[in-house]
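Please take a look at the model shown here. The paragraphs after it go through its parts one at a time.

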Amino acid sequence: MHEFAHEFSIAAKTENLDSVLNFVNAHIEHCPMKLQSQIGIVIDEVFANIASYAYNPNVGGVIVRLKVGDDIVIEFEDSGVPYDPLGSETPDITLGADEREIGGLGLFMVKSIMDSVEYKRNGCKNILTIKKQL
């Protein structure tokens, strides 16, 4: 279990992405710019998926928790429909774009960038925890 130093609660709507990015960036501004950029890409993908699918067509909340130490740990918690993003198949990136199945590349990218991606269902909550070593 992680002790999170920072927590941010917001409606899971795509127009709130900038607020989530600002929250995280305020706490990782001392990190290398490349790492900040990678974290931004990951947050964009994860938050967009929650905003698009967790409560559709309704809107619900998402809690973003952050801890910065030897690594950056970010946790996304929503009460939307149960969804384990790690249960989806890895896309075959050896195929051409016109031969591949639609979707799946965003999560593949998240897994490639981060050192650890974990999902758990806790009661009626989806909890996705991502980690990146500093």
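Alanine 11 is found in strand β1, where strands are DSSP runs of E with at least two residues and helices are runs of H or I with at least four, both numbered from the N terminus. The model is predicted: local features need pLDDT of at least 70 and side-chain atom pairs count only at pLDDT 80 or more, while totals for chains, interfaces and linings use all residues. Residues are numbered from 1 along each chain as its sequence is written, and side-chain values use heavy atoms, with hydrogens and water left out.

With a relative accessible area of 29%, alanine 11 is partly exposed; that class lies between buried, under 20%, and exposed, over 50%, as found with a 1.4 Å probe on protein chains only. Leaving out residues up to four places away in sequence, alanine 11 touches Asn16, Phe47, Val59, Gly60 and Gly61, a contact being heavy atoms within 4.5 Å. From alanine 11 to alanine 51 there are 40 residues in sequence, and their C-alpha atoms are 8.3 Å apart in space.

One of the residues touched by alanine 11 is Val59. Valine 59 sits in the loop between α2 and β2 and is exposed, at a relative accessible area of 51%. Neighbours within four places in sequence aside, its contacts are Ala11, Ala12 and Lys13. The C-alpha atoms of valine 59 and alanine 11 are separated by 6.9 Å, although the two are 48 residues apart along the chain. The loop between α2 and β2 (61–68) also holds proline 57. The peptide bond that leads from asparagine 56 to proline 57 is cis, with omega near 5°.

How far apart are the end C-alpha atoms of helix α2? Helix α2 covers residues 33–54, and its end C-alpha atoms are 31 Å apart. The buried residues of α2 include Leu35, Ile39, Ile43, Phe47, Ile50 and Ala54.

Isoleucine 50 belongs to helix α2 and counts as buried because its relative accessibility is 9%. Apart from neighbours within four places in sequence, isoleucine 50 is in contact with Ala12, Tyr55, Val62, Phe76 and Asp78. Its C-alpha atom is separated by 9.3 Å from that of glutamate 77, 27 residues apart along the chain.

Helix α2 also packs against α1, at an angle of about 150° and with the axes 10 Å apart. Here axes are lines fitted to C-alpha atoms, for helices over the stretch in contact, and angles between N-to-C directions run from 0 to 180 degrees. On the α1 side the residues are Leu17, Val20, Leu21, Val24 and Ile28, and they meet Gln36, Ile39, Gly40, Ile43, Asp44 and Phe47 in α2. By class, this contact of α1 with α2 has 8 nonpolar, 2 polar and 1 charged residues. Ala, Val, Leu, Ile, Met, Phe, Trp, Tyr, Cys and Pro count as nonpolar, Asp, Glu, Lys and Arg as charged, and the others, Gly among them, as polar.

Aromatic rings come next. Rings of Phe, Tyr and Trp (its six-membered ring) pair if their centres lie within 6.5 Å; planes under 30 degrees apart are stacked, over 60 edge-to-face, and the rest tilted. The count by this rule is 1 aromatic pair. The ring centres of phenylalanine 8 and phenylalanine 23 are 5.0 Å apart and the planes lie at 15°, so the pair is stacked. Phenylalanine 8 lies in strand β1 (residues 6–11) and phenylalanine 23 in helix α1 (residues 17–28), so the pair ties together parts that are 15 residues apart in sequence. Phenylalanine 8 is partly exposed at 22% relative accessibility, and phenylalanine 23 is buried at 12%.

For the protein chain as a whole, the secondary structure comes to 3 helices and 5 strands, in the order β-α-α-β-β-α-β-β from the N terminus on. Of its 134 residues, 40% are buried.

How values were computed. Expected span 1.5 Å × (residues − 1).
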